[in-house]
Structures are given as structure tokens and as C-alpha cells.
Amino acid sequence: MHRVGSAGNTSNSSRPRKEKRLTYVLNDADDTKHCAGVNCLAVLKPLSPDGCDYLFTGSRDGTLKRWALTDNDATCSATFESHVDWVNDVVLAGNTLISCSSDTTVKTWNSLSDGTCTRTLRQHSDYVICLAAAEKNSNIVASGGLGGEVFIWDIEAALLPIAKSVDATEDEISYGSTGIPMTSLRCINSGNNISVHNNQSHGYSPIAAKGHKESVYALAMNDSGTLLVSGGTEKVVRVWDPRTGSKNMKLRGHTDNIRALLLDSTGRFCLSGSSDSMIRLWDLGQQRCVHSYAVHTDSVWALASTPSFTHVYSGGRDLSLYLTDLSTRESILLCMKEHPILQMALQDDSIWVATTDSSVHKWPAEGHNPQKVFQRGGSFLAGNLSFTRARASLEGSAPVPVLQEPSFIIPGIPGIVQHEILNNRRHVLTKDTAGLVKLWDITRGVVIENYGKVSFEQKKEELFEMVSIPAWFTMDTRLGSLSIHLDTPQCFSAEMYAVDLNVSSASEDLKINLAQETLRGLLAHWLAKRRHRSGSQVSSNGDVASGKDVSVRNLSHPRVEVDDGAENYASMVLSSFKFATSSPPSIITEGSHGGPWRKKITDLDGMEDEKDLPWWCIDCVLNGRLPPRENSKCSFYLQPCEGSNVQIHTQGKLSAPRILRIHKVINYVIEKMVLDKPIDAGSSDGSFGLGLSAGQSQLSSIADGYLRPGIKPWQKLKPSIEILCNNQVLSPEMSLATVRTYIWKKPEDLVLNYRVVQTK
């Protein structure tokens, strides 16, 4: 696992940020499929004979999915969504599903539920990479990660109720990043209201296995939970007693990172796979390596053994899946993949294989009688030195895979690997792993055009628009889909005229703030449920919630300024900002007590408040208030063209909104010419209030396009005026910001020239 900036991991962000971020992730129309590499697998066998097997998959898209398996089919029966970053490993402890993530958490779920997280365990200080469970002791689970920490959890104790609440669905235990128990427990009821308990008796602290100085990549435990092995970047296998966290021994032999570990049911033998391309078999009783297998030509990332521990399936970076007889050293290439193999799980006589691709493949493996595979021929004797396979490969004696096609495929969605934000700051061009180029509208969360397999660069050039709008969001594709990040106050810097968004019956000068309308669209379901609840209910702290939902734009607020431009649209979501309910985006943000969380916008229940959502988002949606914005104005000088005999009286520098169109400047020039009226005293700095409210300047007669009574629209007025910049005639539809960015191209204040065009 490489250290990459997380899409939602706000708690570990290195850069300071005063206010919490809101991220929303755009989901594909088919939410039953993963859209990024699958990191982990687990198979649950039914308790009753007539029940079906379940396969659990954890993905780099941040979700887990449960698949109901039949002979020739796999149906997605639940999506488990709460992690805000890659899901790195998953294990089953009885019917409890345990997952770990790069968001630094371990989460527990009822594996047969509809996908509700039952507890979030916060002990790790960095990405949690691996888990291990005891087959016959469903209480014991171990977790390890990049912080070098290994914790052993008593799941039954960790899941004890920490608050008497009949509707408790998710509880959270937080110990901070130091690993020191703070006995600070967080309970989220069905409405996500947070209560903090400091009762010492409620505190649960896992056992810490201390000894690793560097990252831990792999863990394994024996069936009874009396032995734990760990490995990572220190190149040694450490053996622990998970009941006490004490060290038993250290096994040396690998020359690179240890990436995969297996223990037999008794805990006598251990298998390890390493980035040195070797597989090693250790006898823990003798405390030594008894066999080494040179099977792969690159890093070994995944191991799975037959139930009898006589054969091992191995896969990794070389795209190859091998089956090796541990006693005879005979090895055979089962299949070749198109992507590196990350994890495997046996199901009867088949093996499920997860790779960096979003699909999961099932291959025939003869798990109960692996010798059948060797009867097909093509096997070779595994060497015991790492260079032997590499040399054999160079000599052209590479084995031929015995299997050409998988017996079944659970398809995924191609993940997005390339993106470009277009100049209109609403559309994003993407390219996925299948080579498909698509155009997304991020304010509606939908694909508006699928161009197919075309040149990304060429399409980007075709879609270029000469328009300048401030960068009001940032984004990444780490989760295989578009994650859009909103930070205040930067996100409120972009505005558009309502008429350009096809808002019916809107005045010509009504401005729409893109972030404000996007937040209204995202939180529309939350607001509707909140208002429904507040109709007759009183919130838990005794406040009547209904009073908070009225538009209170006229109230004073010390931290924000009131935007009165869109009063008529306070209670409705504009069509350009309506998110589809068929594939709703997911929100990622950070709560006050429990850290980051993720939920679909349609799953918000209206009980989330400022402890769960950033206060500035709530203030914007409920009260219509925006923070003070910088650089929303553009200063410029308006001068006659050289040799022109027409002059108007202006006094120094002018100022107007960045989005003001050139035709409004033309209106201003015409008005001064037609009225032939001297300019009144302007503001003290010599600027005038083009586009400002009337109280700010005597020169606001064209306030953002307003013309005095009797003045006709600019297109019908004579004489005809042209505005130039750098000797280039400007289109009347250009904004001041566009002119400054693409025509003026200088840091100094913009200079515009005007001239009269002779008309016939």
C-alpha cells in the first residue's frame, strides 16, 4: 500500500484547515458493482444445509459488498458503506464482519444485515492494512497497519452496548492517535445524534502487541486464537501470544517486505510470501525455515492454503496464480491474470481471486483434491533460491497456464483513472480503465455524454471554452470515482447568472452561487426529513427544530454575510443542481467526536446537526448565509481608443463583479454618451460602483446591468459601441474575468478601450 492522499481521510490531513471539509462522491448508475480494485475477500458458509454461501468483497472504492452465491450466479445483496477510504482487509468472526481501512479505522458489521455499521474502533494512528481472525474463537481479531501497531480485539467485549438506546445502530470507540485509551465512547443512534460517555466501566482497550518499529502488512492467527504471526517492512516474521500481546519469537530469512502470511490450524507451521518473490515454510516448533519455494518472478502478495495445509495457492505482482505442493515442491501455473493479484479465498473446489481490477474471478481449484490439477501435466519443481525462477523466465522456459478462462466473473465498473476539470467549472471530462471517455456534470452527479473510446486529449481540446470561473472545488479519483471536495470560504467564490443556468422567470441580473446551490441539492433529502420531523417534534435537547428551518437571511451573523440575490429560490432546488435519486452521491465529512463518516445523501435522516455536518454547510442551506468572499470584483480602466473623438467622463478606476458581461460595459458607455451627463462624485478611491448596490456609489445607474428608464437594450441602441482589449474586439457575451484571463493576461489592472462603430 502506497501512501497516497485520502479522499476522505480528513483526520490525518497534514495541511491545516480551519473548517471541516465536505466531500461528495459521485456513484455510478449501477451501485451493485465495485468501481475500483478489490483488495480483500471472505467466504461465509451457511449454518443450515439449504442456505447459500456468501462472498464478501472489500474495495478501493471504500465499500464492501455481500454476494449471494449459487452454482452459476452471484447476486449483490448488500452494500456496506461507512469507510471513507480504501477497504484493505476483511475477516469474519462468526456472523460478524470486520473490515479495516486507510481511514485508520476498524469497523464491525452484522454480516447478514442490510449494511449497517455496528461499531467503529479507533485505535490505529495510520492506515490499517491487515486483519486476522481465529477460526474457532470468533471473539478474537487482530489488526495491523502502517503505524507499526498490532492490536488484538475481543470482539464480544468491544461490541458491548455502551449506551442504553433501543435504536442504537452504530457505536464508536475512540482512543485518539496515541494508542492510549481515553475511555471516551461515542454512540450514534439511528439519527446520528452523538452522546459522549466518560464512564470508566464502559471503556474497552484492545491488547497491544508492541515490537514492530515499521509498517505491518500481514497477519495470521491459528484456529484457537492462541498464536499470532505478523510481518511487514522489517523483513522478519514475528510470533506473538495474542492473549497477552507478548513476543514469542522472531524468524529471519526474507530479504524484502513480508506481504502475506498463513498459519495452519494448529499453529505449528507458517507460510510467508514476500516482495523478494519467495514463499517460505516455517516450523514454529523448531523456530526455523524448513522450505523455501522460488515460484514467482516478482512480489508475492496473496496466499491461500488447502484445508489440510498440504498445498498453497499463491499470487502477486507477476499476474500469476500458482499451486504448489508443500512436501514435494511440485508447482503448477493455474492461470495468468491481467492485473496483480491482491487476495484469494477458497470456496469448496473453487478459488475467488481479487486483483487491482474491479471485477472478481472464480477459478476451478480442486481445493479438496489438489493432486487432480497436477495430473494435467505442465508442473515444475520449485527452486529454493529467488533468482532461479527469474533466470528460468529469461531462458524462455516459462510454464504454460493449465486454465485459460475463469468459471465465473463478478463484473465491476471500470474505475476513473484520468480527469480534467473544464473551464466552466461544472463539467469534468474523465477516462476510465476501459478507455471510455465521459463528460460529467458535477452539480447533478450524472454523465451527460459518453464519447466511447476516443482520444482524451483531443476531446479535451474540442471542449475548450474561453471562459474564466474561479476554482470553487478540488477533486480526485482515488476511490475510482469522482470525489469533489468543498472547503469554505473558497468554494463560494464562483457565481453564474441564473439565465445562463436556464432558470425560468429569473431576472437578467440574478446571480447563482454554484457551491450554495450544490449544497442545497446535496442536502435536499436531509432538509426535507428535517422539516418533516420538526413539524410536531421537539429535538432531544428541548429546542423546537421547526424554527431553524425558516429562511432567516435578514438575521445578523458575526461570521457571515447575507446573500440576498436569490431570495425567491431559498426553498427550492434548481434543476441544474438536482442529484439523481437512482444513483445518489455519498457524502464524506468529519463529525465533531467520531471522525470521518460516509453516507448516501438519500440515507441522511434529518437528525444530523453541526456535530455531524460542517456548520457552514448547515448555515448555508438552512439560513442562506455565505461567508465573506474575496476577489469577487474586477477592477479596470475604461478609456477611449486612440484617435477616438468620443469620450465619456469616468473618474479613475472602475470596479464590477468578475462575471459582469462586456455588453453591460457597452450599456454603461452608451448611457454616458446618450445622456451626456457629467459623472457625479464617486467613491473615495476614484472607482465607481458598476454592478454594486445603489448605496455604495452615485455611479450605479447600471448596477449589474440595470438601465435607467427610457434606455433601450444594448443591441437596439445607436450609436453602436465596441469594447476592445489589447486591440482585440471583445464579444459582448464575455465576462470581465474571461477578458482578464485570456485577452489581457497581465497582473496589472485591466484596461478596456471603447470606440463608436459607424453604422449604415
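Trainee: How many bridges join strand β3 to strand β4?

Mentor: Six bridges join β3 (residues 53–59) to β4 (residues 63–70), and the two strands run antiparallel. Strands are DSSP runs of E with at least two residues, helices are runs of H or I with at least four, and both are numbered from the N terminus. Two strands pair if DSSP finds at least two bridges between them.

Before we go on, a word on the model: it is predicted, so local features need pLDDT of at least 70 and side-chain atom pairs count only at pLDDT 80 or more, while totals for chains, interfaces and linings use all residues. Residues are numbered from 1 along each chain as its sequence is written, and side-chain values use heavy atoms, leaving out hydrogens and water.

Trainee: What is the order of the strands in the open sheet?

Mentor: The four strands come in the order β2-β3-β4-β5, with antiparallel pairing. β2 (38–44) and β5 (73–81) are at the edges with a single partner strand each, so one side of each has no neighbour in the sheet.

Trainee: Which residues of helix α9 are buried?

Mentor: Buried means under 20% relative accessible area, with exposed over 50% and partly exposed in between (1.4 Å probe, protein chains only). In α9 (residues 736–744), the buried ones are L736, A737, T738, V739, I743 and W744.
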